[in-house]
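Good morning, and thank you for coming. Please look at the sequence and the structure now on the screen, and keep both in view while I speak.

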Amino acid sequence: MKVLKCTRVLKLEDVVLGQYVGDPAQEGDAKLGYLDDPTVPKGSVTPTFAAAALHIDNERWEGVPFILRCGKALNERKAEMRIQYRDVPGDIFGGQARRNELVLRVQPGEAVYVKMMTKKPGMTFDMEETELDLTYGARYKNLKLPDAYERLILDVFCGSQMHFVRSDELAEAWRIFTPLLHTIEKDRPKPVQYKYGSRGPKEADELSQRMGFTYTGTYQWGGSKAAL
């Protein structure tokens, strides 16, 4: 509650809204955009993607942006929290080092891993991206991992509110987002377009970059394969 009360109200300039279009180079549903659905009104401006940058005004989190991204028809289906560490001063590797990241993967394939830069063995100063990986499906092969809703239903049976949002938390969340939702409903801004199967609109990456987040696209986590 202390953190939520310190969170600024979200404004339209801190948000990117997108709507997917078909990709002619693909096959099947990927060729169709959101407006190609016969149940969608012609000229609809309903977003299918949103990216937002939240700011918390307290001593601990001042200057640290919290970037939220979600959308349909993207290149990956996943839910995760990604913490990117800033560049360190005094780069002795000539620009080869990329930022380390701590990733908490919720689904699919629960995992906690650190994407980190390591020096390649040998006499050279070459670097590569690797990870410290705890993939639950690989580490705990003989255990049944309950789904998210299974946990919640069990909590209901047990009378536990541990995994539920409190009413005052919900009220603070609506305080942060409601003015933006009213602005969108009133002004009906036109969402930017992005292709089916992409990472989303390029404007979302530009928003993240303005907030200080760096995306390279050079690393592929192999935890999902290791869990099979």
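At 35% relative accessibility, K78 counts as partly exposed; that term covers the range between buried, under 20% relative accessible area, and exposed, over 50%, with a 1.4 Å probe and protein chains only. E76, at 42%, is partly exposed as well. The side chains of E76 and K78 meet in a salt bridge, with N and O 3.2 Å apart. By salt bridge I mean a side-chain nitrogen of Lys or Arg within 4 Å of a carboxyl oxygen of Asp or Glu. E76 and K78 also belong to a network of salt bridges that includes E80, R82, E101 and R105. The structure holds 16 salt bridges.

Before I continue, a word on the source: this is a predicted model, in which local features need pLDDT of at least 70 and side-chain atom pairs count only at pLDDT 80 or more, while totals for chains, interfaces and linings use all residues. Residues are numbered from 1 along each chain as its sequence is written, and side-chain values use heavy atoms, with hydrogens and water left out.

Let us turn to helix α4. Helices (H or I, at least four residues) and strands (E, at least two) are DSSP runs, numbered from the N terminus. Helix α4 has 21 residues and reaches 30 Å from its first C-alpha to its last, close to the 30 Å expected at 1.5 Å a residue; the expected span is 1.5 Å times one less than the number of residues. Where in α4 does a kink lie? A kink of about 40° is found at F177, shortly before the proline P179. The bend at a residue is the angle between axes fitted to the seven residues ending there and the seven starting there.

E172 is buried, with a relative accessible area of 14%, whereas R175 is partly exposed at 30%. I176, L180 and I184 are buried too. The buried residues of α4 pack against α1, β1 and β2, where contact means heavy atoms within 4.5 Å.

Which residues make up the largest nonpolar core? Its ten residues are V16, Y20, Y34, V40, F49, A51, A73, Y194, A204 and L207. A second, separate core of eight residues includes L10, A52, L54 and I184. A nonpolar core is a set of buried Ala, Val, Leu, Ile, Met, Phe, Trp, Tyr and Cys residues joined through side-chain atoms within 4.5 Å.

Finally, the aromatic rings. A search of the whole structure finds seven aromatic pairs. The rings of Y20 and Y34 have their centres 6.1 Å apart and their planes at 70°, so this pair is edge-to-face. Rings of Phe, Tyr and Trp (its six-membered ring) pair if their centres lie within 6.5 Å; planes under 30 degrees apart count as stacked, over 60 as edge-to-face and the rest as tilted. Y20 lies in strand β1 and Y34 in the loop between β1 and β2, so the pair ties together parts that are 14 residues apart in sequence. Both Y20 and Y34 are buried. Ring pairs link Y20 and Y34 with F49, Y194 and Y196 into a cluster.
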